Amino acid sequence: MPHVSRKKLKKKIYQKISDHFIEFILELKSSANAKSFLTNLLTKTERIMLAKRLAVIGMLIKGYSFEAIQKTLQVSPSTIDRFWKIIDQNPNSFLLIRSKIEIKSKSKPGFWKVLGDFLDGLSLVKNGK
């Protein structure tokens, strides 16, 4: 599990560095630059954690069962439940992910196509917690 310092940042400072971080990522013009940046910035564990979260969201959107998600991605039920609650309480949450999965999985090769193909290729139980 990634380590987070116990020392809290002031809200203004947190907001400022968070905004700068997002702006920096948005300024990365190529996937090669983004890959290089994220590979150098994040540990392998952090990259796996974020990829799994994205896959959990994608699988929930596609209607896979908690059991199928847990077995496929090796994540805890609490991780799945956390994202399921967000989606259940706010159906418009993760609209960008939802649209990317739907659009990109049908088009050119890339991450969203690979994720879409991966999810479509799973012969797992859909629908249901």
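How are H3 and H4 oriented to each other? Here are a few friendly notes on that and on the surroundings.

1. This is a predicted model, where local features need pLDDT of at least 70, side-chain atom pairs count only at pLDDT 80 or more, and totals for chains, interfaces and linings use all residues. Residues are numbered from 1 along each chain as its sequence is written, and side-chain values use heavy atoms, leaving out hydrogens and water.

2. The chain has 7 helices and 0 strands; these are DSSP runs (helices: H or I, at least four residues; strands: E, at least two), numbered from the N terminus.

3. Now the pair. The axes (lines fitted to C-alpha atoms over the stretch in contact, with angles from 0 to 180 degrees between N-to-C directions) of H3 (residues 44-61) and H4 (residues 66-73) come within 10 Å and cross at roughly 150 degrees. H3 and H4 are therefore roughly antiparallel to each other, a term for angles over 145 degrees.

4. Where do H3 and H4 meet? Lys52, Ala55, Val56, Met59 and Leu60 in H3 are in contact with Phe66, Ala68, Ile69, Thr72 and Leu73 in H4; contact means heavy atoms within 4.5 Å.

5. The largest nonpolar core has 18 residues, and Val56, Leu60, Ile69, Leu73 and Ile80 touch the most other members. Such a core is a set of buried Ala, Val, Leu, Ile, Met, Phe, Trp, Tyr and Cys residues joined through side-chain atoms within 4.5 Å, with buried meaning under 20% relative accessible area (1.4 Å probe, protein chains only). H3 gives the largest share of this core, 7 residues.

Key
Parallel < 35°, antiparallel > 145°, perpendicular 65-115°, else oblique. Buried < 20%, exposed > 50% of the residue type's maximum accessible area, 1.4 Å probe, protein only.
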